[in-house]
Amino acid sequence: MTTAVESGRTADVIVIGAGAVGAATAYFAARAGLRVTVLDSGPLAGGTSSACEGNILVSDKEAGPELDLSLYSQKIWREDLAEFADLFEFESKGGLVVAASERSAQSLHDLTERQRASGIQVTNVPANSLTDYEPHISKKLTAGAFYPEDAQVQPMLVVAHLLRLARELGAFVHTRTPVTGFIRKGAAAIGVQTPQGDFHAPSIVNAAGTWAGNIADLAGIHVPVLPRRGFVLVTEPLPVTIHHKVYAAEYVDNVLSSDAGLQTSPVVEGTDSGTVLIGSSRERVGFDRTVSLPVLAALAAKAIDLFPVLEDIKAIRHYHGFRPYCPDHLPVIGPDPRVPGLWHAAGHEGAGIGLSAGTGKLIAQSIIGISTDLPLGSFAPERFEQVLT
Amino acid sequence: MTDRVFDIGVIGAGPAGLAAATAAASVGLSVVLIDAGSQPGGQYWRHPDEQQVGETDHAGHHDWTTFTTMRSALHTAMEAGHITYLPDTQLWLIDPVKEATARRTLRLTNSYTAGPEQHIARRPTEVTVDQLILCPGGYDRQLPVPGWDLPGVMAAGGVQALLKGSRTVAGRRAIIAGTGPFLLPVAVGLAEAGAEVVSICEAGAIRNWLPHVAAAAQVPSKGLEGAQYAALMAKHRIPYRSRTIIRAIHGETSVEAVTTCKVDSSGTPIAGTERRYEVDVVGLGWGFTPSLELPVMVGAQTRRDVDGSLVAVVDDQQRSGIPGVYIAGEATGVGGASMAVAEGKLAALTAAADSGRPISPRDVSRLQHKIKRFRGFAVAMHTAHPVPEAWTGWLEPETVVCRCEEVNYGDLCTAHEELQADDARTLKLVARPGMGWCQGRVCGYAIAGIAASLCGREPSEEDLRSQGKRTLASPVALSDLAALNNEIHL
Amino acid sequence: MNNNDERLMDCDGAPLPYEPGQSIGAALMNAGITSWRTTRKDGKPRGLFCGIGVCYDCLLTVDGQVNQRACVVPATSGAKIETGGRVLKDTAIQKETDKAARPEESHD
């Protein structure tokens, strides 16, 4: 289906970016009765949304604004979007976090105490019960914790279906239509320029993911969204071998770390299509797209440590993506007081798929001017301005 | 092995690779020749395992002396220590270059890990080379057709490989279909081996050849081949039906019959021309398409060739544009073994010249002239045997397109109509064709064509390249990858 | 290799003869076996397709090595072939299967 680029020239909302966050924003805005036009410089989900694992996690969060957003987004996935769950392979598979040493077992135990107090459901699993969850898991582990709320989706299908649903509500989606500038009226943004012509709307949402900083630049403002590269190894299709998302306790530390150097921690999970996805790595290397064999080797070794049965299994491909992160590891969500008419919904780092549903709904609420279900103060786009000056 | 750096790594020991390796050795370069097969020759000169059966007769082979001459040169160079030959070895990753050099480490694994001991002995897991000549060859190009996933349906090249490599006849009653001159040797080979070939179905019109006779005449050996096949087809009473396709393949657990029909010049089936044949083997081939994952992996430029396949761009001396990387053979555009040999030699001479060795400019221009002539013939052949433009019209919603992930044509139509998948890359990500074991090698060309036809446009280089990119050049065991964990440092 | 008795493999417990130089896939075809695996989603039978190692349709287990391509692995005397698309080695379930088939062998 191709949409004539003449459609949606004038809209209530322009969403820049056809990834998960943009698609959720478009869907919730359209559902609120707004006329929406989505523009993307590339194809559908051309950035990080098609190069990730589709995680919807609470297990890797600690108390704070991101956990609040995670729990809120969980609710949106499970209530507002429940009827579409099968379309994008939503699976509430649960996450199993495992520790490999006594020390790590203790810190996992402490983490679960804090998380429980923050409202996360978690069950501590003694070492000898881990095989009840994962029959093939290594016998060398010391403890585990099970998070029943952790879920997974097929992110490409999330994007494609949410945009389809938005289009059925009147939205227009134009791929390969890069935004090259903003149309201003005084300080306010009232439209965007593209090589295919101008588009006008009183509200414009910057949902450009890892490239959101570039869009902000076009509006003459600073939003520090930077890439943090991650590789994922994909195995041959297997019968169901790994039932949950399984990862090592060190993953949580790496997620929360700001280290520029390479970090790898094993994250292993099966998918609907039978492949097993093996992550995760985090490096700040800009948009470097060259393969890193040391990363792939470390991922393979660590996955075998968790699941010795994977030893003979073949990797058939790998991919990489660039997580959009902000220096304080919180996303930017909300209106930008520096440019009236411009909202941001970006910088979700490795949690963008999980947080997309909640983010989309909050942005829609903010645009139509009703009070948002969650306060957006912690995600304010201008917060970095104060740090800089 | 890991300490040694070779002047040149040649990937593939088919016509182009053998020519490249022996030519490079002859001008004094140290060469490592890496090939997934067990003995040199590639698909074109595939022959039974000589360690098992000794030298056999090669009635089915053309240019056999070209091969044996190069093979002798290979053995001589191996004995002299100029060529290190690694058969049964699969290249799965080419490391990115470090800094400003063209030096690359090639990551290797065994092609297979079961079978006779001499074939599964552990090979080096890496070699380092200063220059690289990629001669990856190609394989049959496929178009899906209803029922093509039934056992007994094979790539025409697969039928031929069984005959040439294993001296095994794929069945008793065969039909060979698709387009291109390669259908003839497959049919004749089967008939000579005792099978009944009920028909060759050629989608093109034979008279398409006439305008291209002039081009063909410049490569006399091709004309002779044609005459030989015509005689053999007459001898075995193999009917050759042009403008005919297989419309559907029937059977429960294996092939039982096919329905053929006539098509017009666009490839649209003509109602009322259906014929049914009882067969137990179907050979399908729509020409060849090159293995492009290695050129794409090193970042070489690609283009859509005259036959519609994705091929690597090279200059008139086989340079890829990536420093230190040369490409020869089918990967630069399907053109047959003779051209591949010339390109392989030229690539070796260019690599030698680029690394400061004296080479004869006359040799270079002689090879360039040869290649130009062969290329003219190839273009004529491709033009005479096009993939019919209306081929996607043969598909039913339930026709399997991606055999690995079992994605049907209907799934692709839905992805396009409902989910706005408007290019091959998005179709792949939404509906999963090309995501399985073979990573789109079999269905990639078809997916690009389907994407384009759903959008009412021509397939683009971008459509093809999205299907031709493979981040691992072959599957690799996680334990092999993990073994590198202790060896590699950041 | 002069004796025909030596040119036997074991396919799921049944003797499978082969000719010198044949691939395992060719030996199976010669024996009239055209498929030896079913697909993951629809359970469709699969055997040789490309015949040259490209398509991975013809996977089977040889001497305990899973996912070998029948079209490229040469037949060899005494090779133990398992059809049916076994995927995992050394799992609880497949250990049971192996025990039944090869009681004398231990697992690595």
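Begin by selecting chains A and B: 39 residues of chain A are in contact with 34 residues of chain B, where contact means that the C-beta atoms of two residues, placed from the backbone, lie within 7 Å. The model is a predicted one, in which local features need pLDDT of at least 70 and side-chain atom pairs count only at pLDDT 80 or more, while totals for chains, interfaces and linings use all residues. Residues are numbered from 1 along each chain as its sequence is written, and chains are lettered from A and ligands numbered from 1 in the order in which they are written.

**Chain A against chain B**

On the chain A side, colour α5 (155-168), α8 (293-306) and β17 (314-325), the elements that give two or more residues to the side touching chain B. Helices here are DSSP runs of H or I with at least four residues, strands are runs of E with at least two, and both are numbered from the N terminus. The most is given by α8(A), with nine residues. By class, this side of chain A holds 26 nonpolar, seven polar and six charged residues. Nonpolar covers Ala, Val, Leu, Ile, Met, Phe, Trp, Tyr, Cys and Pro; charged covers Asp, Glu, Lys and Arg; the others, Gly among them, are polar.

Next, select β17(A) together with strand β22 (residues 476-477) of chain B, which pair in the antiparallel sense over two bridges; pairing requires at least two DSSP bridges between the strands. Centre the view on A:A315, whose bridge partner in β22(B) is B:V476.

**Chain A alone**

Hide the other chains. The secondary structure of chain A comes to ten helices and 19 strands. Along its principal axes, the C-alpha trace spans about 65 × 45 × 40 Å. The radius of gyration of chain A is 21 Å, which agrees with the value near 21 Å that a compact globule of 389 residues would have; the radius is taken over C-alpha atoms, and the globule rule is 2.2 Å times the number of residues to the power 0.38. Buried residues make up 58% of the 389 residues, a residue being buried if 20 or more other C-beta atoms, placed from the backbone, lie within 10 Å of its own. Of the contacts in chain A with a separation of 6 or more, 75% are between residues 24 or more positions apart.

Colour chain A by domain: domain 1 is 13-52 + 155-225 + 329-388, and domain 2 is 95-148 + 226-325, with bounds from an automatic or database domain assignment. Their centres, taken over C-alpha atoms, are separated by 30 Å. The contact takes 14 residues from domain 1 of chain A and twelve residues from domain 2 of chain A.

**A sheet in chain B**

Move to chain B and select the open sheet of three strands, ordered β12-β13-β14 with antiparallel pairing. Its edge strands are β12 (244-250) and β14 (275-278), each pairing on one side only. Strand β13 (residues 257-262) of chain B pairs with β14(B) over four bridges, and B:T259 stands opposite B:R276 in β14(B).

**Chain C**

Finally, show chain C, where 37 residues are in contact with 40 residues of chain B. The elements giving two or more residues to this side of chain C are α1 (24-30), β4 (45-46) and β6 (65-69). This side divides into 16 nonpolar, 13 polar and eight charged residues. Read along the sequence, chain C follows the pattern β-β-α-β-β-β-β-β-α. Buried residues make up 44% of its 108 residues.

Key
A residue is buried if 20 or more other C-beta atoms lie within 10 Å of its own, exposed if 12 or fewer, and partly exposed in between; C-beta atoms are placed from the backbone.
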